[in-house]
Amino acid sequence: MAHCYAMVKEVKQRTGGRTDILLTSDEHASYKPAIESAYAAEEQRPQQRSSKKAKRTMPKNLCYATVRKERSNACHVRRPC
C-alpha cells in the first residue's frame, strides 16, 4: 500500500499536479485510495461545526481506469511465449 501512495505522489509531482490526465493501473485495491489521497481537494463550505469533516472531492477532469490482466497460458521461463 505504501508503494502505491508513493508512486501516485510521484506521478502527481512529475505532472505538475495537473488533473487533465488519464491514470491507469491494474486492479490492486490500494491504487484508488492512493489517487484519492493525492488528488482530492477539500470542498469549500460555509463555516460549520468543527466536529464535521470537510468533504473531499475529486477533480472532474481526472480520469482513472483499471486494466484487468488475464493470462491464458502459463509461460515457461526458458521458452518465449
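1. A residue is called buried when its relative accessible area is under 20%, exposed when it is over 50%, and partly exposed in between (1.4 Å probe, protein chains only). Arg68, with a relative accessible area of 58%, is exposed.

2. The model is predicted: local features need pLDDT of at least 70, side-chain atom pairs count only at pLDDT 80 or more, and totals for chains, interfaces and linings use all residues. Residues are numbered from 1 along each chain as its sequence is written, and side-chain values use heavy atoms, with hydrogens and water left out.

3. The structure contains four salt bridges, each being a side-chain nitrogen of Lys or Arg within 4 Å of a carboxyl oxygen of Asp or Glu. One of them joins Glu27 to Arg68, with 3.0 Å between the closest N and O atoms. This pair links distant parts of the chain, 41 residues apart: Glu27 sits in the loop between β1 and α2, and Arg68 in the segment after β4 (63-66). Glu27 is partly exposed at 43%.

4. A further salt bridge connects Glu10 and Arg14 (2.7 Å, N to O). These two residues are four apart in helix α1 (residues 2-14), and therefore about one helical turn separates them. Helices (H or I, at least four residues) and strands (E, at least two) are DSSP runs, numbered from the N terminus. Glu10 is partly exposed at 36%, whereas Arg14 is exposed at 68%.

5. Ser25, in strand β1 (residues 22-25), is buried at 10% relative accessible area. Beyond its neighbours within four places in sequence, Ser25 has contacts (heavy atoms within 4.5 Å) that include Tyr31 and Tyr64.
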